[in-house]
Every structure is written in C-alpha cells, then in structure tokens.
Amino acid sequence: MYASFFHTSFSILSNNPTTTKTKMGSQLQQTDNSNKVPLLTPYKMGNFNLSHRVVLAPLTRQRSYGNVPQPHAILYYSQRTSKGGLLIAEATGVSDTAQGYPHTPGIWTKEQVEAWKPIVDAVHAKGGVFFCQIWHVGRVSNQGFQPNGQAPISSTDKPLTPQIRANGTDVAQYSPPRRLSTDEIPHIVNDFRLAARNAIEAGFDGVEIHGAHGYLIDQFMKDQVNDRTDQYGGSLENRCRFALEVVEAIVNEIGADKVGIRLSPFASYSEAGDSNPEALGLYMANSLNKYGVLYCHMVEPRMKTVGEKTESAHSLVPMRKAFNGTFIAAGGYEREDGNKAVAEGRADLVAYGRLFLANPDLPRRFELDAPLNKYNRNTFYIADPVIGYTDYPFLETTA
C-alpha cells in the first residue's frame with residue numbers, strides 16, 4: 001500500500017566538502033589551520049577511505065512493511081549519502097524471532113535480501129560506505145511479533161515491565177520471555193552469521209552487530225537481566241560469551257575487516273543495566289581486539305535511557321584507549337562537541353541520529369556551520385513513506 005507513495009524528487013545536493021583535506025591517522029592531530037573542521041577531515045577506516053567523520057547512526061524508522069525493505073528507502077538513504085561518508089542502516093532482524101516493532105526490516109529471507117539491493121546500490125552510486133546493523137530484540141517483544149504466537153526468547157525468563165516507547169507517548173507491552181537453553185544458543189549465533197552473509201550478498205560493505213540498548217545480546221551481557229547459571233551466566237566472561245561467539249562467527253563468515261559492533265555498557269534501556277559498566281565496556285573492548293574487528297561503536301554514558309542526554313561522570317575514554325580499531329562515539333552529539341571529541345582523540349568518528357534524520361545534508365551543514373532543521377519526534381516512527389522520512393529540506397542552492 002505505502003510503497004506506491006514513491007517520492008518523486010530525486011534532486012539531491014552534494015554533501016561533499018569542497019576543500020582539500022590532509023589525510024590523518026587514526027587519531028586526529030590539530031594543525032595550525034584553524035579553519036579546519038575536525039569532523040570534516042578524512043579518515044581511513046580499514047579498507048575504507050572516508051572523506052569525513054560524520055556517520056549516519058542506525059535509526060529504526062518502521063517503514064519496512066511486512067519486514068521487507070521498501071523502494072522509498074532508496075531515496076531516504078541516498079539523500080543522506082555523501083561521497084566517502086559512512087552510513088549504518090536501521091536495525092535489521094536476523095530471524096523471524098528477532099522482531100519486536102512494527103514494520104522493521106529483516107535480512108533472513110531471499111525476498112528481504114533482494115529488496116535491500118537497490119537501496120545499497122543507491123548509496124554506492126553516490127560513493128557512500130554502507131553497513132547493515134543486524135539485531136535480535138530478545139525479550140523486547142511480544143507474542144504478536146513471534147512466529148506461531150510463541151514467547152519471545154531471551155537470556156532469562158524474567159518478564160519486562162511495560163515501557164514508554166522512544167516517541168515518548170506510546171506504551172509497549174511485552175510477553176514473558178522464554179529462557180534459551182544452553183544447546184539452543186549456537187542456533188541463535190548461526191542466525192547472526194547467516195544474516196551477515198546475507199548482508200554481504202545484498203551488497204553491504206559490512207555489518208554492525210547490535211549489542212546495545214537492552215536487546216538480546218545486551219540481555220546476556222548485563223547482570224540486571226542475566227540470571228543464568230550455565231556457561232553464559234554469572235561471571236563477566238560468561239555473560240559476554242554469547243556476544244563474542246556472535247562476533248567470532250561473523251568474523252569467520254565475512255572477515256574482520258567488515259565487522260563492527262555497537263555497545264552501550266552504561267545504558268539501562270529496557271531494564272538492562274549493569275552493576276559495573278566500566279568493567280563491562282573495558283572487557284568487551286579488549287576482547288574485540290582478539291578478533292581484529294573493524295570498529296567499535298559505543299554509546300555515551302549520558303544516554304542511559306530513551307530521551308535526552310543527561311550529565312554523567314563516566315567516560316568512554318578508557319574503552320577508546322583499549323580498543324585497537326576505529327572507535328565511533330554516539331549519544332546526543334551536536335556539531336561543537338563532535339568536533340571536540342575528534343580533535344581531542346576521544347573518537348575517530350561520531351554517529352548522528354536525530355540531527356541526520358532531520359538534515360539529510362548534515363555533513364554539508366556542519367562544513368558551513370549552517371542552521372539545522374528541527375526534527376519532529378512525532379513522525380519518527382509513523383509508517384508514512386514520505387512524512388518525517390524523505391521530506392526534510394536540504395540547504396538552498398545559491399546561484
């Protein structure tokens with residue numbers, strides 16, 4: 001139904017900085033050129049030559065009807081593509097048990113893979129680098145989203161209390177989850193592996209494992225949720241075992257140079273907090289080094305729950321120092337603090353969500369220090385293929 005509402009305007013402004021930048025190493029060193037915008041300097045991420053450090057964060061948009069990506073996503077993602085820019089696709093389910101929200105995409109069927117291909121092609125046509133975020137929601141679901149009306153699966157059978165959704169108004173109801181048995185866990189790891197393979201088949205440059213925000217992998221890692229007594233519960237090492245098995249399986253399937261992971265050790269989304277988030281973040285950063293993954297994408301401590309950022313005494317710097325690959329920071333960043341994070345070496349790249357959603361030419365606006373469109377939270381998750389999706393304006397062109 002909605003897919004027929006294809007946006008006709010395909011006039012997309014160039015987002016590329018016009019000035020020549022000097023290639024930097026993994027950590028930016030300030031130069032005497034005070035006009036240089038740190039976020040707009042180039043960066044080499046593994047085999048990918050990025051022209052700037054402004055990343056499109058993975059943003060659930062709920063416009064993939066029947067869990068199949070739609071043609072209107074071609075325009076949405078291509079609008080936000082700049083040559084040498086990194087985009088991370090919205091969270092994409094790894095299996096039919098991975099769903100917990102209406103109209104979210106998957107990548108476990110042939111139909112879904114084929115539907116992603118023209119979207120990926122559009123990003124590549126504009127010179128973008130495109131990673132697919134693969135996820136499983138675990139207990140953040142209910143029987144209505146599950147095959148045959150079964151219970152959602154999780155690390156635990158502890159139920160999740162009703163939660164206010166990210167739009168700040170709707171309340172989500174959750175069915176009591178079923179605790180995965182020890183011998184079922186390899187099957188879930190395999191679902192992630194197959195999803196990664198499918199993402200590469202669809203043309204994505206790599207995958208980002210969603211290990212954040214209270215979803216299945218986080219449900220294993222965080223001690224507020226994980227009450228297991230087998231080798232996947234108890235100690236920090238045991239709680240991180242599932243996450244690292246997923247990492248290992250995907251690295252073996254598609255190569256470490258195509259794998260990233262998103263983590264939120266300090267967050268407590270969906271009642272998934274941890275008693276020692278610093279230790280959790282450091283353990284994961286150090287463990288990821290053993291697999292040589294391309295990047296670690298970590299959410300700032302100030303983003304503890306759904307909503308606006310709060311003050312926090314904690315920092316991602318110890319994790320950034322521990323991790324050997326590219327470090328992406330996210331969490332309520334604006335232009336000024338993003339520039340500062342890069343300039344001070346606290347992040348290699350900075351992911352922007354709401355600002356990029358509302359400003360498809362965000363890197364260009366950052367380059368010019370131009371005014372930003374204001375985002376409309378009420379249209380974040382509506383199913384319309386245009387409103388709040390592809391209708392945010394670009395900067396006016398000058399004669």
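Me: Which residue is the bridge partner of Gly93 in E6?
Reply: Trp135 is the bridge partner of Gly93 there. This is a predicted model, by the way.

Me: How many bridges join strand E5 to E6?
Reply: 2 bridges join them. E5 covers residues 92–93, and the two strands run parallel.

Me: What about strand E4 and E6, parallel or antiparallel?
Reply: Parallel, over 3 bridges. E4 spans residues 86–88. Ile88 has Phe131 as its bridge partner in E6.

Me: And E11, how many bridges does that strand make with E6?
Reply: E11, residues 206–211, pairs with E6 over 4 bridges, again in the parallel sense. Gln133 stands opposite Glu208 in E11.

Me: How many residues of E6 are buried?
Reply: 7 of the 7. E6 runs over residues 129–135, and with every residue buried, it is largely enclosed by the rest of the structure.

Me: Which residues sit on which side of E6?
Reply: Val129, Phe131, Gln133 and Trp135 are on one side. Phe130, Cys132 and Ile134 are on the other. Both faces are covered. In a regular strand, side chains alternate between the two faces of the sheet.

Me: Cysteines now. Is Cys132 buried or exposed, and why?
Reply: Cys132 counts as buried because its relative accessibility is 0%. Cys240 is also at 0%, so Cys240 counts as buried.

Me: How many disulfides are there?
Reply: The count comes to 0.

Me: New topic. Which residues touch the most other members of the largest nonpolar core?
Reply: Tyr77 and Phe242, out of 86 residues in that core. Helix H6, residues 241–254, gives the largest share of this core, with 9 residues.

Me: Which residues does Phe242 touch?
Reply: Leaving out residues up to four places away in sequence, Phe242 touches Ile185, Ile188, Val189, Phe192, Leu216, Ile217, Phe220 and Tyr232.

Me: What else is there besides that core?
Reply: There is a second, separate core of 16 residues. Among them are Phe48, Val129, Ala330 and Ala351.

Me: Back to H6. At what angle do H3 and H6 pack?
Reply: About 35 degrees, with the axes 9 Å apart. H3 covers residues 185–201.

Me: Left-handed or right-handed crossing?
Reply: H3 passes H6 in a right-handed crossing.

Me: Which residues meet between those two helices?
Reply: From H3, the list includes Ile185, Ile188, Val189, Phe192 and Arg193. From H6, it includes Phe242, Glu245, Val246, Ala249 and Ile250.

Notes: Residues numbered from 1 in each chain as written. Predicted model: local features only at pLDDT ≥ 70, side-chain atom pairs only at ≥ 80, totals over all residues. Heavy atoms only, no water. Core = buried A, V, L, I, M, F, W, Y, C linked by side-chain atoms within 4.5 Å. Buried < 20%, exposed > 50% of the residue type's maximum accessible area, 1.4 Å probe, protein only. Contact = heavy atoms within 4.5 Å. Pairing = 2+ DSSP bridges. Disulfide = S-S within 2.5 Å. Axes fitted to C-alpha atoms, helices over the stretch in contact; angles between N-to-C directions. Left-handed = near helix turned anticlockwise from the far one by under 90°.
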